[in-house]
Amino acid sequence: MKRHLALIEDEAAIRENYRDAFERRGYQVSAYGDRHHAFRALRTGLPDLAIIDVGLGDDPDGGFQLCQDLRQLSPTLPIIFLTARDSDVDTVHGLRLGADDYVSKDMSLDHLLARITALLRRADAWAESLQQRDALLQRGRLSLNVDRMTVAWDGQPVELTVTEFWMLHALAKHPGHVRNRDQLMDAASTVLDDNTVTSHIKRIRRKFQQVDPEFDGIQTAYGMGYRWNAHEA
């Protein structure tokens, strides 16, 4: 069965070019020109992956709102922003809203397809993990349930995206061991640039600090990567 991509892009010519390119690669594509039509369709049946432009016609931040809406429907749906707006502010904002990746339209099609493939592979790995039982990782005050894709700190839930979950899992699995950015991307089955990995780590920290302002579970190993604080194990 073909994997189903949802493409939300307001410019018709660009939308059709991407649709044709994805369909030539064997994907089923549902394309939409605005946030409202897209959400009405997708809330009745989610795709395997959503590709969203930030500015949608007269709605300059419509893609951000759509990302939030879709993330409320599913914490695990792979979401990529594909946009001409590539400032650091927009990138960080998109990732904070729950997107798994944020890429510029000047990226080559082959590179974009590689990122799509990586995110779909990650989603498949997650689905397989649901079939495993007793997949509980406990590190001191931290609890990760791979079966349910849930995280708790001191018994309080911490809401993470799938990318964030697997990065955290890679760190907590071996406390004190440094994981570089490539290893964290491998753990999340995705392809990101260094700044995007850093943004994900900052978001994970921020979410834990909302539960515990003194959280210090993730340490930076400057020039090398990140590690889970062995004292929290």
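**How helices pack and a residue hides**

Mentor: Let's start with a pair of helices in this predicted model: H6 and H8 are roughly perpendicular to each other.

Trainee: Why are H6 and H8 called roughly perpendicular?

Mentor: Look at the angle. Helix H6 (residues 162-173) and helix H8 (residues 194-211) cross at roughly 85°, and their axes come within 10 Å. Angles of 65 to 115 degrees count as roughly perpendicular, so H6 and H8 get that label.

Trainee: Which residues of H6 and H8 meet?

Mentor: On the H6 side you've got Thr 163, Glu 164, Met 167, Leu 168 and Leu 171. H8 brings Val 197, His 200, Ile 201, Arg 203, Ile 204, Lys 207 and Phe 208. Sorted by class, the contact of H6 with H8 has 7 nonpolar, 2 polar and 3 charged residues.

Trainee: Which residues make the contact of H2 with H3?

Mentor: From H2 come Arg 35, Ala 38, Phe 39 and Leu 42, and from H3 come Gly 62, Gln 65, Leu 66, Asp 69, Leu 70 and Leu 73. By class, the contact of H2 with H3 splits into 6 nonpolar, 2 polar and 2 charged residues.

Trainee: Now Asn 229. How do you know whether Asn 229 is buried or exposed?

Mentor: Go by its relative accessible area, which is 7%. Buried means under 20%, so Asn 229 is buried. You'll find Asn 229 in the segment after strand E11 (225-228).

Trainee: What does Asn 229 touch?

Mentor: Leaving out residues up to four places away in sequence, Asn 229 touches Asp 216, Gly 217 and Gln 219. A polar atom of the Asn 229 side chain lies 3.3 Å from the backbone oxygen of Asp 216.

Trainee: Zooming out, how do you know whether the protein agrees with a compact globule?

Mentor: For 233 residues, a compact globule would come in near 17 Å, and the protein has 18 Å, so the two agree. The C-alpha atoms fill a box of roughly 55 × 35 × 30 Å along the principal axes. Of the 233 residues, 53% are buried.

Trainee: How many helices and strands does the protein have?

Mentor: The tally is 8 helices and 11 strands. Also, among contacts with a separation of 6 or more, 60% come from residues 24 or more positions apart.

Notes
Residues numbered from 1 in each chain as written. Predicted model: local features only at pLDDT ≥ 70, side-chain atom pairs only at ≥ 80, totals over all residues. Heavy atoms only, no water. Contact = heavy atoms within 4.5 Å. Helix = DSSP H or I, 4+ residues; strand = E, 2+ residues; numbered from the N terminus. Nonpolar A, V, L, I, M, F, W, Y, C, P; charged D, E, K, R; others polar. Buried < 20%, exposed > 50% of the residue type's maximum accessible area, 1.4 Å probe, protein only. Polar contact = N/O pair within 3.5 Å; in protein donor to acceptor, adjacent residues only side chain to side chain. Axes fitted to C-alpha atoms, helices over the stretch in contact; angles between N-to-C directions. Parallel < 35°, antiparallel > 145°, perpendicular 65-115°, else oblique. Rg over C-alpha atoms; globule rule 2.2 N^0.38 Å.
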